[in-house]
Amino acid sequence: MAEANVVVNNSVQAGTSHELELIDRVQRGENSLFYELVRPYERRVFAAAMAILRNESDAEDVAQEAMLKALRAIRQFRADARFSTWLIQITVNEALMRRRKDRNGVMEAIDDRRDEESDYAPRDFADWREIPSEALERKEVRQRLAQALASLDRKYREVFVLRDMEQLNIQETADALGISIASVKTRLLRARLMLRDLLAAGWEQGWFSRLPFEKGTKPW
Amino acid sequence: MVNDNIVNCEHVWREISNYLEDDVDASFRSRMDEHFQTCSACRSLLEGTRNVIQLYSDERMIEVPSGFGSRLQHRLAQSRRAPGRSWSPWSAWLVPLAALLLITGGVRIASSRTVPQPLLSAHAQPARNIPPDMVVVVSADAKQFHVPGCEFIHNKERERTLTAKEAVDQGYVPCVRCLRKYLQTASAGRTSLEMEATSEPDIAGPKQDGGE
Ligand SMILES: [Zn+2]
Ligand SMILES: [Zn+2]
């Protein structure tokens, strides 16, 4: 895991002292501090709900429900876990419950079983043209990337969002979605390769044609 | 795993994601490394996959509806005023918890001040929890600094070592993959230049157990 590379120091673990203090105070009943505690993660909580529900107003509602649930369960949180991970897991759980109530749940369960095992062969082997992260300043680029992600089948999208956008680790992703570690790895591989192909195709369609870095240095 | 000494392109495709997770065993990894040196297609695949992860891990990729934060704040405040109203659709196990919460002060009246929504992005990730003297690396044409050995170092041939404080001073921003632990929990809306404000300068020395 990439985690293995991180310098782990005994005094820097799950949370900063500020966060730990907030958690402690909320656990002792200072509920008005809860928003301050979750605020750094509210965007990620929304994104996790959105990955599963794909509908802004449902996702917002579930994100709010999940945070209320987290507030009520805050005493169950133990400081050896990462607070953000705990929040995301509650959110994913809440979103999955919401979706199960949906009639679409049946359709998507079928989709789930489709070609899980078959290998995905990458399509595009031309020299990769790097999209620099500065390009994300442009709304159009962000939208293109969001569209590419939205076009993935649910099972690939969810795993990718939790691991690569929410920064859960493989085990946490597996736990949150209730699937095996092997499935997480297979789906993640596929999601990443598919997105790479979509972005490569996007270059050909001129999605990124007006990127500022194109003057001067070639990005590839 | 592949026992064969020769690694072909298909083996690389199957393992490329694990490779980026640092989740392949050492001998297979070095055979993949050899393969990348001779196979430009797989190298392109690796670069592209790494680029994908890097782009999507950027906080700017998360868009929330406008007013999301203040509506959330409002709803939290509302639940404190009238805790009975908002949990009706919830599962039963929450009820005892909610009761507990009532005892411990769940009926506080919230302050109604609005907190401005910060624009969070990888560029605004607070770095103040990174020990200033921690050894990090940067590379020629990228904006981020990393823990040595991170898979997401942009151009390993042209990397340079410095301290985290120097990196921040020179305008580099922390990599969200390898420095995640430090970025995770700091309060929002601060800039990385606040690193000097670290209150515990002695909490970590440079102690890498790098990737290789
Ligand atoms: Zn190859
Ligand atoms: Zn890194």
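Colleague: At roughly what angle do the axes of helix α2 (residues 26-38) and helix α3 (residues 40-56) of chain B cross?

Modeller: Ground rules: this is a predicted model, where local features need pLDDT of at least 70, side-chain atom pairs count only at pLDDT 80 or more, and totals for chains, interfaces and linings use all residues; side-chain values use heavy atoms, without hydrogens and water. Residues are numbered from 1 along each chain as its sequence is written, while chains are lettered from A and ligands numbered from 1 in the order in which they are written. Helices are DSSP runs (H or I, at least four residues) numbered from the N terminus, and their axes are lines fitted to C-alpha atoms over the stretch in contact, with angles from 0 to 180 degrees between N-to-C directions. For α2(B) and α3(B), the axes come within 6 Å and the crossing is roughly 110°.

Colleague: What do we call that arrangement of α2(B) and α3(B)?

Modeller: Angles under 35 degrees count as roughly parallel, over 145 as roughly antiparallel, 65 to 115 as roughly perpendicular and the rest as oblique. α2(B) passes α3(B) in a left-handed crossing (near helix turned anticlockwise from the far one by less than a right angle; clockwise would be right-handed). So this pair is roughly perpendicular.

Colleague: Which residues of α3(B) does α2(B) meet?

Modeller: Contact means heavy atoms within 4.5 Å. On the α2(B) side we have B:H35, B:F36, B:Q37 and B:T38, and their partners in α3(B) are B:S40, B:C42, B:R43 and B:L46.

Colleague: How many nonpolar residues are in the contact of α1(B) with α3(B)?

Modeller: Helix α1 (residues 9-20) of chain B packs on α3(B) at about 25°, with the axes 10 Å apart, so the two are roughly parallel. B:C9, B:V12, B:W13, B:I16, B:Y19 and B:L20 from α1(B) meet B:C42, B:L45, B:L46, B:T49, B:R50 and B:I53 from α3(B). Ala, Val, Leu, Ile, Met, Phe, Trp, Tyr, Cys and Pro count as nonpolar, Asp, Glu, Lys and Arg as charged, and the others, Gly among them, as polar. That contact has one polar residue, one charged, and a nonpolar count of ten.

Colleague: How many charged residues are there where α4(A) meets α4(B)?

Modeller: Here helix α4 (residues 56-72) of chain A packs with helix α4 (residues 68-81) of chain B at about 40°, axes 10 Å apart, which makes α4(A) oblique to α4(B). Among the residues in touch are A:E60, A:D61, A:E65 and A:R72 in α4(A), and B:R71 and B:R75 in α4(B). Sorted by class, this contact has seven nonpolar residues, two polar, and charged ones numbering six.

Colleague: How far apart are the centres of the two domains of chain A?

Modeller: Chain A is divided into domain 1 (15-102) and domain 2 (133-216), with bounds from an automatic or database domain assignment. Twelve residues of domain 1 are in contact with 14 residues of domain 2. Taken over C-alpha atoms, the centres are separated by 23 Å.

Colleague: What is the mean pLDDT of chain B?

Modeller: pLDDT is the predictor's confidence in each residue, from 0 to 100, and chain A averages 83. In chain B, 61% of the residues reach 70 or more, and the mean is 70.
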